[in-house]
Amino acid sequence: MKDDLIKQTEKNVINEQKYRDGIPQLLVGVFLVITMLMMMNGRGNLFVIFIPMIPLLMEGLRKRITYPRVGYAQMKERGPRRQVLIWLVLAVLIAGAVVFMLSRGNSLTLVQSRQIHFFAMHAVALIVVGLSVVFLSRNPRTIFIWYALAIIIFVNAVLFFRLEKDAVYWILLGFGVLHIIYGAISLITFLRKYPVLKDEQ
Amino acid sequence: MSSEERISTEISFEEIDRLIHEPARLNIMLYLYVVEKADFVYLVHQTGLTRGNLSVHLQKLEQNGYVEIMKEFVNRMPHTLIRLTQRGRTAFEDYRDSILNLLRTVKDA
């Protein structure tokens, strides 16, 4: 109770520093779209190379767009729970990449190959959704994304039993486009709302 | 109000750190408390103070050892980073407790 003001201030600062500019949503959207397009063209295992690029791109864009407007603040270190979540997602990611590599082997029968492809399709879908959650989980304004995620998981489950080929890719492609639209709107609003401030002369 | 309670309130007033109690400096301390460190633009944006005004308040806080100011150059442009020291962090927490105690005393009186 007594720390309400401090907690609220911290929440507002985190929101302003990390999410209000729409850059994470834009990058997650681009990542989803590129990954899904690659998957649909049979080059899904290459999507891992985009993952290390996301934080670099994000920091580069923030230096040019965000920090001159709202300033730069290094946030306090978070608890171990978040670190564990990130490592867990990375572990699943690596496992997914290994499965993809194996699925390209010639020694497999057609049925085995299809089964691995199907498993990999859902594994990758879960990975990208997991990554989206990691990037966007602390943004109170994107609560509707949680609903969207719930719908995707539901649709995914239905499709899992019907064995629709590539259906998950299309759903996540649409999800990526939604992220890009939302990110772009947030970015435009941010640029209009916050003018560039100069450092001390 | 009994004389005992009056004494208690007076003691609480004595405990308040006047350096932090000034609204602009309290605002600066609050926004530095929730981060590890921040630049000058962050404080200008969050507090709404002018650059000159902010500089004066930061100097006072620095003189008392509450903040640490680090100057650097980024792409040949001056860049100022400000961090709340451990002393400043403790002082802010003590101030918060003092104010809460004082308000509690006033409410109970």
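Helices (H or I, at least four residues) and strands (E, at least two) are DSSP runs, numbered from the N terminus. The model is predicted. Chain A and chain B bury about 2200 Å² between them.

**Chain A**

- Chain A has eight helices and one strand.
- Along the sequence, the order of these elements is α-α-α-α-β-α-α-α-α.
- Chain A has 201 residues, and 44% of them count as buried.
- Contacts in chain A with a separation of 6 or more are 82% from residues 24 or more positions apart.

**Where chain A meets chain B**

- Chain A puts 24 residues into the contact, and chain B puts in 27 residues.
- Of the area buried between chain A and chain B, 58% lies on carbon and sulfur atoms.
- Three elements of chain A each supply at least two residues of the side that touches chain B: α1 (4-18), α4 (67-70) and β1 (73-75).
- The largest share of that side of chain A comes from α1(A), with seven residues.
- By class, the side of chain A that touches chain B holds 11 nonpolar, nine charged and four polar residues.
- Polar contacts do occur: six residue pairs between chain A and chain B make them, with both residues at pLDDT 80 or more.

- β1(A) is joined by three bridges to strand β1 of chain B, residues 35-39.
- The two strands run antiparallel.
- In this pairing, A:M75 stands opposite B:V35 of β1(B).

**Helix α4 of chain B**

- Helix α4 of chain B spans residues 40-47 and is mostly covered.
- Seven of its eight residues are buried.
- Among the buried residues of α4(B) are B:F40, B:V41, B:Y42, B:L43 and B:V44.
- B:Q46 and B:T47 of α4(B) are buried as well.

**Salt bridges**

- Over all chains, the count comes to four salt bridges. Three of them are described here, including two in chain A.
- The side chains of A:E16 and A:R20 meet in a salt bridge at 3.2 Å, N to O.
- Buried means under 20% relative accessible area. A:E16 has 9%, so A:E16 is buried. A:R20 has 17%, so A:R20 is buried too.
- A:D21 and A:R62 also meet through their side chains in a salt bridge, at 3.3 Å, N to O.
- This pair links distant parts of the chain, 41 residues apart. A:D21 sits in the loop between α1 and α2 (23-40) of chain A, while A:R62 belongs to helix α3 (residues 53-64) of chain A.
- Both A:D21 and A:R62 are buried.
- In chain B, B:D97 forms a salt bridge with B:R96, and their closest N and O atoms are 3.6 Å apart.
- B:R96 has a relative accessible area of 17%, so B:R96 is buried. B:D97 has 29%, so B:D97 is partly exposed.

How values were computed: Residues are numbered from 1 along each chain as its sequence is written. Chains are lettered from A and ligands numbered from 1 in the order in which they are written. This is a predicted model: local features need pLDDT of at least 70, side-chain atom pairs count only at pLDDT 80 or more; totals for chains, interfaces and linings use all residues. Side-chain values use heavy atoms; hydrogens and water are left out. Contact means heavy atoms within 4.5 Å. Buried area is the accessible area (1.4 Å probe) that two parts lose on being put together, summed over both. A polar contact is a pair of N or O atoms within 3.5 Å; within protein, one must be able to donate a hydrogen and the other to accept it, and residues adjacent in sequence count only if both atoms are side-chain atoms. Ala, Val, Leu, Ile, Met, Phe, Trp, Tyr, Cys and Pro count as nonpolar, Asp, Glu, Lys and Arg as charged, and the others, Gly among them, as polar. Two strands pair if DSSP finds at least two bridges between them. Buried means under 20% relative accessible area, exposed over 50%, partly exposed in between (1.4 Å probe, protein chains only).
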